[in-house]
Amino acid sequence: MGLFSSRKSKETKKEPAVTQDLAAPVKGVDPLEAAPTPAKNVPKGEEAAPTNFRDSRRRVPTDKQKAYFDSIARERGARPGGSTAIARLLEESGLLSAEMVEEAIRRSGEEAMPLSQTLAKSGIMREEDFVEALAEGLGMSKIDLNTVEITPDLIAQIPKRVAKEYRVFPVAFNDHEIEIAIADPLNVQVTDDLQRILQKKVIGYVAREDEIQRYFKKYYEGDVFAQIYEEVTDDLHQKELDANIEQYTELDIGEESIEPVVKFVDLIFKQAIHDRASDIHIEPQRAGLTIRFRIDGVCHEVPSPPKKWQNNIISRLKVLSGMDLAEKRIPQDGRIKLNLQDRKLDLRVNSLPTIYGESIVMRILDQSSVILGLEDVGFLPDNIAIFSDLIRTPTGVILMTGPTGSGKTTTLYSALSTLNNPETKIITIENPVEYMLDGVIQVQVNEEVGLDFARGLRSMLRQSPDVILVGEIRDKVTAEIAVRAALTGHLVFSTLHTNDAPSAATRLIDMGTKPFLVASSVQAVIAQRLLRKVCPHCKRIEHSDVRSVEGIGATEQELAEGIDAPFPVGCDRCSGSGYRGRTAIHEIFVLTPQLRQLVTRGEPSSRLKKMAVRNGMRSLRMDGFRKVVLGQTTQEELDRVTAAD
């Protein structure tokens with residue numbers, strides 16, 4: 001991931017140590033940048049065994065490369081490695097017209113952007129096709145760095161400064177040759193210089209420039225936070241801590257003697273925010289303490305401290321969140337307020353006793369975040385129209401359903417933000433209050449003093465509200481109060497945990513609410529899930545077949561001809577995952593008179609859903625498939641999130 005790399009690959013970020021065994025420097029070459037000396041005393045005719053070498057690949061016909069450039073330079077006046085030479089090559093190969101070449105060169109210069117990116121941005125040619133054409137025109141081979149097995153020894157073959165200056169990345173090597181990926185294959189000086197510096201025969205392959213840059217950052221530079229974090233964890237492991245570290249009690253957590261624990265916990269917070277994590281998981285295991293971040297709904301493991309630090313780290317978190325340090329037998333809840341990077345953050349903390357110690361999960365809530373509009377939440381245009389009409393009805397219950405972390409509260413706050421005006425009184429009761437809204441009365445549940453959802457809701461009705469938001473309907477009492485509030489002239493928003501929208505009516509009835517009350521009070525139920533969005537900086541569009549899955553909502557033409565769907569590639573901005581950010585998909589179940597009759601009769605949710613789809617409701621899978629067609633997400637991501645629906 002962006003900030004953290006696994007321990008297995010951590011060594012690749014270090015530059016090779018300088019020793020006295022380096023080859024004698026070539027004139028004009030920095031001796032610190034010289035490469036390791038080729039193996040000596042090799043019997044004639046017996047070359048050393050290749051190391052990570054790709055013998056099956058074609059060698060670069062350097063003479064053809066030079067000859068082609070010389071001809072272009074003479075006839076066109078192109079400079080080595082320039083956009084002009086590359087564009088002329090594409091023109092002579094028949095891939096671009098003369099007009100396209102002139103326009104591409106002009107735009108590339110104006111936008112200060114590589115020609116490949118200019119062509120891709122204009123929709124003229126994909127970057128993959130550009131690399132393929134460039135390699136074919138020069139008689140070279142192209143390479144995908146994803147197929148390369150990257151080891152510390154491989155990275156050590158090319159010094160960091162050399163790799164950065166010449167925009168290359170090592171691919172394979174043996175004692176006498178090294179294969180490299182080149183971003184600018186028309187610049188023949190690259191291979192000439194590298195052969196002098198590395199004292200090996202250099203064999204080049206064409207690769208995407210952005211891919212070379214991404215791998216350079218990952219394996220040569222890394223991330224500042226990652227380096228600091230790994231230095232801390234390395235230091236902890238190497239020192240094995242002081243002999244008396246286990247004698248510290250949890251009450252000593254504020255002592256200066258264990259200040260490193262405090263710094264370590266602070267660093268976890270900073271890195272989690274930098275990585276856009278929504279949750280921090282601290283999990284005791286038999287062998288050690290595991291730390292994971294949930295980013296865009298997926299957990300990523302990060303380097304962890306030694307097992308011996310487990311108690312002190314957990315104690316530090318319990319102190320910050322106001323939990324009872326002495327109590328380790330029962331779950332506890334707490335909150336941490338942070339001011340970090342000019343942002344106000346609220347961490348909702350929960351501890352759970354396990355067989356190896358207390359497991360802690362922290363949900364990160366950004367109090368300073370701006371409430372999103374309905375378009376930003378992820379509603380498609382037709383669903384925006386439906387939802388906007390629903391939230392402007394004067395009475396009734398509108399429910400949001402979905403699992404924990406599916407963005408239900410964010411969507412409801414978007415609705416409240418839309419309704420928030422001086423003429424409308426809005427009161428909320430939540431546990432916890434996740435967003436602060438000016439002009440809205442917000443109540444925090446405090447069960448320790450007897451202020452639960454039911455009691456708070458009863459009191460709220462005496463405050464003459466127009467709109468009420470109940471954080472969650474958990475039991476029969478809360479459900480009945482919310483239903484009766486809707487029947488007495490209030491618009492009530494709330495959340496419920498169900499698999500889909502039609503199941504909400506059945507769930508309320510199962511709680512003990514009478515079917516006729518549910519049928520007459522509930523206006524609509526909106527089910528929501530979150531899908532990862534394809535990274536806009538590195539995604540590519542490919543024509544693919546639509547998997548004929550029941551309920552996906554594809555048209556006959558789409559099933560027969562396929563669609564242009566996004567494909568996640570991976571870059572430094574998305575930490576190589578191919579995904580960045582999330583969007584929501586929705587299922588809006590509006591109770592029509594026909595559906596109200598079915599609810600009153602206690603019909604099962606499966607029949608309610610069939611009737612609703614027949615009347616035009618778009619299921620979660622159907623809504624998600626529209627996002628695939630629009631190029632926002634992938635079919636694989638849709639299957640991952642909605643396979644059970």
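## A hairpin and a crossover

A hairpin of three residues takes the chain from E1 to E2. Strands here, like helices, are DSSP runs numbered from the N terminus (E with at least two residues for strands, H or I with at least four for helices). E1 covers residues 168–173, runs antiparallel to E2 and is joined to E2 by five bridges; strands count as paired if DSSP finds at least two bridges between them. One of the residue pairs is alanine 172 with glutamate 179 in E2.

E2 also pairs with strand E3 (residues 201–206), this time in the parallel sense and over six bridges. Here isoleucine 180 sits opposite glycine 204 of E3. To get from E2 to E3 the chain passes through helix H9 (residues 189–198), making a right-handed β-α-β crossover. Right-handed means that, with the strands pointing away from the viewer, the path from the first strand over the helix to the second runs clockwise.

E2 (residues 177–182) is mostly covered, with six of its six residues buried. Buried stands for under 20% relative accessible area, exposed for over 50%, and partly exposed for in between (1.4 Å probe, protein chains only). Glu177, Glu179 and Ala181 are buried on one side of E2, and Ile178, Ile180 and Ile182 on the other.

## What kind of model this is

This is a predicted model, where local features need pLDDT of at least 70 and side-chain atom pairs count only at pLDDT 80 or more, while totals for chains, interfaces and linings use all residues. Numbering starts from 1 along each chain as its sequence is written, and side-chain values use heavy atoms, with hydrogens and water left out.

As for the whole chain, there are 25 helices and 18 strands, and 50% of the 645 residues are buried. Take the contacts (heavy atoms within 4.5 Å) between residues at least 6 apart in sequence: 66% of them join residues at least 24 apart.

## The seven-stranded sheet

Seven strands form an open sheet with mixed pairing, in the order E12-E11-E13-E14-E10-E15-E18. Strand E12 (441–444) and strand E18 (579–590) are the edges, each pairing on one side only. Ignoring direction, neighbouring strands in this sheet are turned by 20° against each other on average. Angles are taken between N-to-C directions and run from 0 to 180 degrees, with axes fitted to C-alpha atoms, for helices over the stretch in contact.

Within the sheet, strand E11 (residues 426–430) and strand E13 (residues 467–470) pair in the parallel sense over four bridges, and threonine 428 has leucine 469 of E13 as its bridge partner. Helix H17 (residues 453–460) lies across E11 and E13, running at about 170° to E11.

In helix H23 (residues 605–614), Ser605, Leu608, Lys609, Met611 and Ala612 are buried. They sit on the same side of H23 because they cover an arc of only 165° around the axis, the arc being that of the directions from the helix axis to the C-beta atoms. Their cover includes helix H19 (503–511), E18 and helix H22 (593–600). Exposed Lys610 and Arg614 are on the face turned away from that buried side. Just after H23, glycine 616 takes a positive phi of about 115°.

Helix H25 (residues 635–642) has Gln635, Glu637, Leu638, Val641 and Thr642 buried. Their arc is only 160° around the axis, so they lie on the same side of H25. E18 is again among the covering elements, which for H25 also include strand E15 (522–534) and helix H24 (620–629).
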